[in-house]
Amino acid sequence: MTRPHRGAGLAGSSVVPYPHGGLARHANLPPGERLRVLLVEDDEGDAFLVGELLAETNSMIELLVATSLSEARQRITGVDCVLLDLGLPDAQGLDGLRQVLEMSSGAAVCVLTGRSDEHLGIMAVAEGAQDYLVKGQVDGVLLTRALRYAVERKRADENARRLREVELRQAESARLERGLLPQPLMTTDQVAVHTFYRPGRHAALIGGDFYDVVQTRPDRLDLIVGDVCGHGVDEAALGVELRVAWRALVLAGVPDDEVLPALEQVLMSERRLQEIFATVATTRLDLDANRATVRLAGHPPPLLLSGGRVAPVPAPGGRLLGVRPRRPIAYDLEFDTDDWSLLMYTDGLIEGRVDAGDERLDVPGLSGLLDEPASRAVSLPELPAWLVGQAERLNGGPLADDVAMLLVSRGGGR
């Protein structure tokens, strides 16, 4: 078989042939249709034949030719598919295939075998090749189709692998985040605590909001709801740190007035930017005395449900944690009856809009929802989720911010 002369056209194409039947880069081919194939073949006649077959079908395939594995290593960059002969001067059989698979990264690999090597071709597919072709048994159409199918199978395999990796990472993150969600540390049956949590980040399990419940004595229960500004992973991690720090401070018996200042120190030392702050509401329940002590640091006030009425707890608002250290002022709340509920929440619940206008739901709007007759038909365990549903209905869609709620109830709860 004679070698073609440089400059001669193939099948009416303006593509210029290389020695060994290779086709030059066709600059006018659309990138989405052009396929770059590296033929690794030391037989000049077989290499020329492959080029002729591709040219006959006007296959829009750029064929590069390497006569050895070492030459292929230098030319493999940017290649979509490698067409590999298993008998090369510097690599024989499956050993050469393994080396090509290692160097080819995202490229598909097809094996080109002689008739007596067909069994070896099947073994090559088992090793990771996308397909095998038998010399002398393919025409231009079949060769072109096999190369394009191999590339598509490789892309599908890569997409499936990446999808699996993403799924594994998501499952691992979900397990991690689920482990970071708090489990209320309480044994008393004098009150019931119902929790709700929904992060603003898509597909996340935790956000910058946090809550926790800790019982330190048979008659004492401490609760916290907080909100770290922002919606990212860093804010979520900081929220977990603050929650864990608060639990440690409460369990260690730190004086009540010193807990939030100590929590602020943690915030200021762990935050990644000086502009990051947090709002916090804490409540200490004295169950025997049927009273509560509420402290707010820039956080919306809890709502008290009692005697068929709903009212915000008139505790001083206090200053945000992380802005200018200042000790929150305690507010003592006396419960008139043994039937009451206290709702603690983050501002993601009340920042939604009302009826597509600029007005926010805010504390009065939330109080109004709880005061509606429909809310009284909702059981206490389902009340937090019902409130979120009503807020989303008024907002005309999902709430943008994280939402955390604690509903602590005694007796009938209302």
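Are Tyr197 and Tyr211 buried or exposed? Tyr197 is buried, and Tyr211 is buried as well, where buried denotes under 20% relative accessible area, exposed over 50% and partly exposed the range in between (1.4 Å probe, protein chains only). The model is predicted, so that local features need pLDDT of at least 70 and side-chain atom pairs count only at pLDDT 80 or more, while totals for chains, interfaces and linings use all residues. Residues are numbered from 1 along each chain as its sequence is written, and side-chain values use heavy atoms, with hydrogens and water left out.

Two aromatic pairs were found in a search of the whole structure. Rings of Phe, Tyr and Trp (its six-membered ring) are paired if their centres lie within 6.5 Å; planes under 30 degrees apart count as stacked, over 60 as edge-to-face and the rest as tilted. The ring centres of Tyr197 and Tyr211 are 6.0 Å apart and the planes stand at 45 degrees, so this pair is tilted. Because Tyr197 belongs to strand β8 (residues 192–198) and Tyr211 to strand β9 (residues 209–217), the pair ties together parts that are 14 residues apart in sequence. Helices (H or I, at least four residues) and strands (E, at least two) are DSSP runs, numbered from the N terminus. For Phe335 and Trp340, the ring centres are 3.8 Å apart and the planes are at 5 degrees, so the pair is stacked. Phe335 is buried, at a relative accessible area of 8%, and Trp340 is also buried, at 1% relative accessibility.

Strand β9 also takes part in an open sheet of five strands, in the order β9-β10-β11-β12-β15, with antiparallel pairing. Two strands pair if DSSP finds at least two bridges between them. The edges are formed by β9 and β15 (331–334), each of which pairs on one side only. From one strand to the next, the twist averages 15 degrees. Strands β9 and β10 (residues 220–228) run antiparallel and are joined by eight bridges; Asp209 has Asp227 in β10 as its bridge partner.

Two helices accompany these strands. Helix α6 (residues 233–251) packs on the sheet and touches β9, β10 and β11 (278–286), its direction making about 10 degrees with that of β9. Helix α7 (residues 256–270) lies across β10, β11 and β12 (291–297) and runs at about 155 degrees to β11. Axes are lines fitted to C-alpha atoms, for helices over the stretch in contact, and angles run from 0 to 180 degrees between N-to-C directions. The axes of α6 and α7 come within 10 Å and cross at roughly 150 degrees. Residues making this contact include Leu238, Leu242 and Trp246 of α6 and Val259, Leu263 and Val266 of α7, contact being defined as heavy atoms within 4.5 Å.

The largest nonpolar core has 28 residues, of which Leu285, Trp340, Leu406 and Val408 touch the most other members. Such a core is a set of buried Ala, Val, Leu, Ile, Met, Phe, Trp, Tyr and Cys residues joined through side-chain atoms within 4.5 Å. Among the elements that give two or more residues to this core are β8, β9, α6 and β17 (403–410). With neighbours within four places in sequence left aside, the contacts of Val408 include Leu223, Leu285 and Trp340. A second, separate core of 26 residues includes Leu303 and Met405. Ser367, in helix α8 (residues 362–371), is buried at a relative accessible area of 11%. Leaving aside its neighbours within four places in sequence, Ser367 is in contact with Leu303, Val310 and Pro312.
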